[in-house]
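Take a look at the protein chain below. We will walk through it step by step, from the overall fold to single residues.

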Amino acid sequence: MGVRLAGVVRMKQILQQSFRNQQRATASADVPKGHFAVYVGEMEKRFVVPICYLHHPSFQTLLHKAEEEYGFEHPRGMLRVPCDEDDFATLTSQMSGS
């Protein structure tokens with residue numbers, strides 16, 4: 001239980017940093033309340049996903065991979081995940097159905 005809580009706290013820190021960077025970089029971006037933008041794949045396709053996805057174990061795995069691959073600082077202030085666009089779309093459609 002303690003390990004899982006520590007993971008959630010760590011995810012919160014990662015996202016807070018990313019949100020601050022995103023706000024600076026894309027202050028006028030069209031992201032509805034309760035959602036956030038994620039950039040996926042080599043072409044950095046933009047997906048806007050609900051915040052509730054953050055609780056899903058598969059999404060947390062992607063965030064851990066993003067931390068390992070990109071760290072917390074991105075020159076353009078965006079949250080990138082190392083995932084194929086089609087795989088990400090499949091994953092998020094599965095999460096929206098559950």
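Where is the place of Lys 12? Lys 12 sits in helix H1. Before going on, note that this is a predicted model, in which local features need pLDDT of at least 70, side-chain atom pairs count only at pLDDT 80 or more, and totals for chains, interfaces and linings use all residues. Residues are numbered from 1 along each chain as its sequence is written, and side-chain values use heavy atoms, with hydrogens and water left out.

Back to Lys 12. Lys 12 is exposed, with a relative accessible area of 54%. Here exposed means over 50% relative accessible area, buried means under 20%, and partly exposed lies in between (1.4 Å probe, protein chains only). Lys 12 and Leu 54 are 42 residues apart in sequence, yet their C-alpha atoms are 8.9 Å apart in space.

Now the whole chain. The protein chain has 3 helices and 3 strands. Read from the N terminus, the order is α-β-β-α-β-α. Helices (H or I, at least four residues) and strands (E, at least two) are DSSP runs, numbered from the N terminus. The chain has 98 residues, and 34% of them count as buried. Its accessible surface comes to about 6400 Å², and carbon and sulfur atoms hold 54% of that. Such areas come from the Shrake-Rupley method with a 1.4 Å probe; for residues, only the protein chains shown count as cover. Next, contacts, meaning heavy atoms within 4.5 Å. Among contacts with a separation of 6 or more, 53% join residues 24 or more positions apart.

Go to helix H2 next. H2 has 14 residues and reaches 20 Å from its first C-alpha to its last, close to the 20 Å expected at 1.5 Å a residue. The expected span is 1.5 Å times one less than the number of residues. Which residues of H2 are buried? They are Phe 59, Gln 60, Leu 62, Leu 63 and Ala 66. Seen down the axis of H2, these buried residues fall within an arc of 155°, so they line one face of the helix. The arc is that of the directions from the helix axis to the C-beta atoms. The face turned away from the buried side carries the exposed residues Pro 57, Glu 68 and Glu 69. Gly 71 follows H2, and its phi is positive, near 75°.

His 56 is partly exposed, with a relative accessible area of 25%. The C-alpha atoms of His 56 and Met 95 are 7.5 Å apart, although 39 residues separate them along the chain.

Met 95 leads us to helix H3. In H3, Phe 88, Leu 91, Thr 92 and Met 95 are buried. They cover an arc of only 95° around the axis, which puts them on the same side of H3. The buried residues of H3 pack against strand S1 (35–40), S2, H2 and strand S3 (80–81). On the face turned away, Asp 86, Gln 94 and Gly 97 are exposed. Asp 84 caps the N-terminal end of H3: a side-chain oxygen lies 3.1 Å from the backbone nitrogen of Asp 86.

Take Val 49: leaving aside neighbours within four places in sequence, its contacts include Gly 34, Phe 36, Phe 59 and Phe 88.

Last, Arg 80 in strand S3. Is Arg 80 buried or exposed? Arg 80 is buried, with a relative accessible area of 18%. Its side chain makes polar contacts with the side chains of Glu 44 (3.3 Å) and Tyr 70 (3.3 Å). A polar contact is a pair of N or O atoms within 3.5 Å; within protein, one must be able to donate a hydrogen and the other to accept it, and residues adjacent in sequence count only if both atoms are side-chain atoms. Glu 44 lies in the loop between S1 and S2. Its phi is positive, near 50°. Most residues other than glycine have a negative phi.
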